[in-house]
Amino acid sequence: MTDAQILEAMTDIFRQIFDDDSIVLTPSTVANDIPDWDSMNHVSIVVAAEARFGVKFLTAEIEQLKNVGDFVALIRKKLGPAA
Amino acid sequence: MQSPPPAASSTPPPAKGLQLYWLPPPEPWHVAIRGAADADDAVAWKTLVQVANTRLDFIETIRLDRAVRRRFPGPPPGLASSRTARLALLGSSTLDHLLPGLRVGALRRGIWLDTYSGGYGQYLQELLGADSALHRFKPATVLFCFDEEHLFGTDMLLDARDAADLVDAAARKIENLWRLVREHFDCPVIQQTILPHGVPVFGNNEHQVPGSPRRLAQALNQRLREMAPHNGADILSIDDRLLMDGIGAWHDPALWHRAKQEISPAASHFYGDLVGRLLAARLGHSAKCLVLDLDNTLWGGVIGDDGLEGIKLGQGNALGEAYVAFQRYARNLSKRGIILAVCSKNDEANALSPFRRHPEMVLREADIACLVANWDDKATNLREISRRLSIGLEHMVFADDNPFERNLVRSALPMVAVPELPEDPAFYAQCIADAGYFEGIYLTADDMDRGQQYQQNQKRESLKASLNASAGNLDDYLASLQMELLWAPFDEMGLQRVTQLINKTNQFNLTTRRFTENEVRAAMEDAATITLQLRLLDRFGDNGIIGVIIARPVADRAAAIDTWLMSCRVLGRGVESATLNLLVEQARERGFQRLLGEYLPSEKNKMVEQHYPKLGFAGLDDSECGTTWKLELANFRTLDTFITTKKSHLITGSL
């Protein structure tokens with residue numbers, strides 16, 4: 001899976017959780033960019049990503065995420081190298 | 001396109017997310033939601049309810065909830081009061097993430113739910129403080145969920161007595177909270193059992209460690225189940241779900257530490273569905289009748305083609321045994337009060353032959369309250385079954401192995417619940433149980449012989465038909481039934497059944513007023529109020545408690561009939577007239593001079609619109625919400641019936 005594909009899947013998760021099809025994620029998107037992105041929704045996003053990609057994040061990994069780009073990189077690492 | 005996770009990982013696998021697998025897969029449903037935004041209220045609400053009745057995962061549930069709240073920030077105009085609810089969620093951990101699932105769980109049952117979630121661990125202050133946000137919210141149901149660390153602390157006790165004291169103290173604390181809810185809000189409580197997420201310290205013989213968290217949770221859950229029935233509390237059995245789904249599906253220790261979420265968001269939609277069942281059951285919306293297809297549903301193969309010897313049923317054959325097990329499950333449902341019916345595309349003689357002659361059939365003709373086998377479409381036949389049994393379509397579940405028939409019924413009769421039965425019959429029973437259609441609140445003696453009562457009803461119907469055929473008239477038929485109406489004022493013994501009837505009777509119900517058990521008790525204890533519970537017997541058997549009346553004193557020496565309801569099972573037999581005779585007699589004894597009747601129209605009670613004029617009441621001015629009627633007792637002449645009326649102390653016991 002390429003970074004672009006991961007970003008696309010993440011965008012879909014965000015659009016679902018915030019019921020807003022206008023959301024466009026970039027690697028530099030941060031929580032402040034999306035009004036409803038609070039700690040509760042953050043947990044939902046992480047759990048949704050785990051279910052979508054079939055991976056499990058470590059607590060320490062989650063705590064280091066600073067933006068969507070970090071998140072995509074973490075997922076890529078979990079999935080192994082792009083085919 | 002998905003690559004497998006690296007094999008070397010030693011992290012536990014992610015929760016796949018619990019599936020509401022009995023619901024059909026979602027259509028491209030955000031399109032439907034968008035449509036709902038512009039549609040008129042009734043269409044929009046119907047669309048959203050239909051979307052909720054598809055197999056949404058937790059993320060889709062969050063999305064649907066946002067769409068619903070945007071479209072309906074308040075209840076949809078015109079929605080019946082029994083389709084709205086106010087739920088307060090109080091507990092010791094993070095709960096906000098459960099709210100979307102709760103609202104959608106209610107929406108799935110056509111209920112618009114307003115929710116309130118208390119501050120983390122603030123429940124006692126909120127209950128006690130009369131000016132708290134909780135009091136301003138005025139809940140109609142309170143859901144408590146406590147985690148074991150909150151109740152038992154984190155330091156494991158080894159002394160058996162200390163451990164027992166800890167459980168006892170937690171039980172008393174919770175019982176006290178239930179009492180506070182009763183005092184402040186007089187509303188039902190839903191108590192979630194403790195989710196046992198403590199990690200074992202001893203292994204298989206964990207029970208030997210008195211203070212083991214797991215053991216404490218089990219002991220407290222046992223206590224909660226014992227206390228609940230006397231306290232008007234319903235149990236939400238999250239611990240039972242763990243047996244089905246595993247702890248990993250419900251609880252993620254990483255999220256517990258990160259966000260103090262005891263229930264994982266990945267299970268929140270399922271949690272909401274479990275609560276939705278309880279809310280719906282309290283509001284009288286649980287299903288009452290299971291309608292079964294025959295070929296490849298109750299047995300393997302096609303009876304019309306394969307014949308009695310050819311169908312697969314029992315006989316040590318794996319498939320045949322699975323059908324026997326499903327029949328056993330259906331029979332067990334019938335024993336607890338669910339009516340069974342059959343809807344099959346077959347010649348009737350073929351459909352009946354296994355019931356009569358197959359040695360391995362578990363279900364017999366006597367277990368089926370109504371069997372319809374012909375070549376009409378199944379939607380038409382379900383309507384016919386609904387009519388014959390006087391059970392509303394929205395109280396029916398239709399089990400059919402054939403996806404074509406399922407979809408046909410779903411589109412023609414969206415109010416009928418149609419589970420996506422798994423392909424393997426070995427999983428039929430589990431599927432129907434997991435769907436929670438028949439959620440019960442309390443089991444009464446009446447539930448236990450209801451199947452028999454409907455069966456007797458069918459015999460009455462056939463007697464009626466034969467009398468008609470032989471040019472006999474209805475009077476002959478009614479006289480031949482030898483009906484006896486037993487009555488008593490409300491009593492402690494009958495309180496649960498009376499409360500149950502008050503809260504679930506929809507059709508023959510003049511006012512559809514719902515009361516809690518405490519409110520019913522208050523009416524019982526008020527000497528000036530006339531309360532009547534009625535039981536009807538006839539030559540075919542016992543119809544159980546079939547009627548409830550509450551009439552309260554008002555000005556001008558009148559008794560106002562606050563509640564008059566009757567079971568539809570006994571319609572058309574003159575029970576209304578016999579009941580009025582009795583009510584008049586009771587009112588006269590207490591010195592009343594007139595009766596006031598009131599009809600409040602609802603979605604379902606059109607059948608009693610003319611109830612009072614038919615009984616000789618005179619019309620008064622229509623009120624805003626219905627019609628009012630008056631009967632002068634001085635002018636009343638006893639109505640003719642074929643029913644003997646008798647006061648009895650045995651009204652709720654078995655005869």
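Predicted model: local features only at pLDDT ≥ 70, side-chain atom pairs only at ≥ 80, totals over all residues.
Residues are numbered from 1 along each chain as its sequence is written, and chains are lettered from A and ligands numbered from 1 in the order in which they are written.

View 1. Chain B has a mean pLDDT of 89, with 93% of its residues at 70 or more. Over residues 1-8 of chain B, pLDDT stays under 50. For the complex, the predictor gives an ipTM of 0.83 and a pTM of 0.76.

**View 2. Strands β1 and β2 of chain B pair in the parallel sense.** Helices (H or I, at least four residues) and strands (E, at least two) are DSSP runs, numbered from the N terminus; two strands pair if DSSP finds at least two bridges between them. Six bridges link β1 (residues 84-91) to β2 (residues 112-117). B:Leu87 has B:Thr115 of β2(B) as its bridge partner.

**View 3. Four strands of chain B form an open sheet.** Their order is β8-β7-β6-β9, and the pairing is parallel. At the edges lie β8 (370-374) and β9 (396-399) of chain B, each pairing on one side only.

**View 4. Strands β6 and β9 of chain B run parallel.** Four bridges join β6 (residues 289-292) to β9(B). Opposite B:Leu292 stands B:Ala399 in β9(B).

Conventions:
pLDDT = per-residue confidence, 0-100. Contact = placed C-beta atoms within 7 Å.
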